[in-house]
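Subject: Structure for your review

Dear colleague,

Please find the structure below, together with its sequence. My notes on what was found in it follow.

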Amino acid sequence: MIETVVRKRIEVLTDQAQVKRITAAIDAVGITGWTVLPVSSGKGRDGRWREERVMGTDKNLVVTIASQENAQQLADSLAPILTSHGLLFTMWDVEVIRGERF
Amino acid sequence: MDSVGLQALTSPVVLFFVLGLLAAVAKSDLEIPEAFAKAMSLYLMAAIGLKGGIEVAESGLDGTVLAALAAGIIAGFIMPLYAYWLLRGFGKLDRINAGAVAAHYGSISVVTFVTAVEIFEIQGNPPQGYMVAVMATMESPAILAGLLLARGGSSSGGQSTKELLHEVLFNASVVLLLGAFAIGWISGPSGFADVEPFFGAMFKGVLCLFLLDMGLIAARRMMDSRSLTWRLVVIAIGMPLLNGVIGTAMGAGIGLDTGSAAALGVLCASASYIAVPAAMRLALPEADPGIYLTMSLSITFPFNILINIGLIGALAAMLTGDGAATP
């Protein structure tokens with residue numbers, strides 16, 4: 001039976017222009033990896049948006065997995081800019097194999 | 001309408017734009033893939049930069065060129081000031097959004113310029129090649145002015161000054177336009193012959209497809225818009241009219257030929273929707289793209305393409321005493 005451990009999976013929906021800021025915050029709290037995924041369209045409180053790469057209004061999803069402690073530090077560091085920068089931050093428990101890597 | 005004016009309005013470039021508008025209004029599923037649209041925008045900037053550089057290699061530089069460059073840079077700093085004042089007073093926008101919109105109206109639209117060049121060529125008044133360099137230098141001053149107005153001297157909420165300056169001076173549009181301009185200038189007409197099949201012969205076809213995409217995006221964004229007020233619509237039409245007159249008069253005043261004076265007018269009248277939105281997303285994330293992009297792309301851009309370029313061409317012909325473009 002393979003042993004698994006519980007870690008936090010975090011997703012941040014952000015404008016393309018702010019991706020570096022998010023990944024820098026992830027690096028700063030000591031999380032060792034992240035993945036940036038393109039997304040195509042959506043709708044929020046301010047209306048619909050769609051991928052418009054020419055205008056630079058496209059969004060990305062930054063995904064990472066971290067320990068509870070690192071995840072909380074990342075949440076604390078991004079919380080002050082969630083509204084001003086239009087970010088969507090979610091995290092939840094996931095089971096991972098090789099827990100020492102996260 | 002005279003035959004020259006009709007010829008300009010019925011050119012494939014303008015008609016593809018109209019097709020995009022109509023397709024979006026009819027809720028057609030017509031789509032240009034985003035990666036292809038991005039590639040087309042890079043192609044157009046590289047091609048227009050190259051062409052400008054080659055024309056300057058042939059004609060050389062003189063005092064008129066320096067005067068045009070200075071006029072463009074000064075206009076880039078000054079236009080956001082009165083735009084900001086109008087947006088705050090008449091437009092009822094807050095400081096952040098007024099600064100962001102002002103930056104768009106001080107900067108330029110490459111595709112509006114390229115379309116105007118096509119139309120002025122049809123009318124017999126092609127602008128000089130150095131106007132491409134004027135265009136490239138007008139991209140950035142307004143971004144700086146808009147950010148200063150929006151932030152009011154404070155640096156809270158945005159990126160560091162170093163990152164901002166890097167974005168303003170080395171954004172993709174500026175690097176590609178000035179870089180291609182330098183390549184065209186260095187290589188000259190003989191060097192261009194090798195790449196002419198790609199950058200020359202295909203240019204108008206790519207411009208048609210790009211304008212089709214812009215028509216689709218402009219109309220769809222307009223239909224999705226929630227933030228526009230009638231006051232902002234008035235400003236989005238009034239600003240290009242005012243800036244077009246000021247730019248054309250400046251061009252005529254410093255002794256530019258009819259086509260170049262009209263091109264300066266079009267540059268002043270146009271509002272950015274590529275370089276400035278990208279900079280604003282980085283530096284002013286609090287500003288609402290539903291306001292600044294809808295104004296510049298969905299109102300000012302179609303107004304310039306369909307109406308204002310023709311008006312500016314006629315004004316330039318009148319001010320410079322050239323009858324070729326007079327309706």
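A residue is counted as buried if 20 or more other C-beta atoms lie within 10 Å of its own, with the C-beta atoms placed from the backbone. By that criterion, buried residues account for 54% of the 327 residues in chain B. Please note that this is a predicted model.

To continue with chain B, its secondary structure comprises 15 helices and zero strands. The C-alpha atoms of chain B occupy a box of roughly 50 × 45 × 40 Å along the principal axes. Its radius of gyration is 19 Å, and this agrees with a compact globule, because a globule of 327 residues would have a value near 20 Å. Of the contacts in chain B with a separation of 6 or more, 87% are made by residues 24 or more positions apart.

Turning to chain A, two helices and six strands are found there. Along the sequence these elements are arranged in the pattern β-α-β-β-β-β-α-β. The principal-axis box filled by the C-alpha atoms of chain A is roughly 50 × 30 × 20 Å. Of the 102 residues in chain A, 28% are buried. As for contacts in chain A between residues at least 6 apart in sequence, 74% link residues that are at least 24 apart.

I would be grateful for your comments on either chain.

With kind regards

Note on methods:
Residues are numbered from 1 along each chain as its sequence is written. Chains are lettered from A and ligands numbered from 1 in the order in which they are written. This is a predicted model: local features need pLDDT of at least 70, side-chain atom pairs count only at pLDDT 80 or more; totals for chains, interfaces and linings use all residues. Helices (H or I, at least four residues) and strands (E, at least two) are DSSP runs, numbered from the N terminus. A residue is buried if 20 or more other C-beta atoms lie within 10 Å of its own, exposed if 12 or fewer, and partly exposed in between; C-beta atoms are placed from the backbone. Two residues are in contact if their C-beta atoms, placed from the backbone, lie within 7 Å. The radius of gyration is taken over C-alpha atoms; the globule rule is 2.2 Å times the number of residues to the power 0.38.
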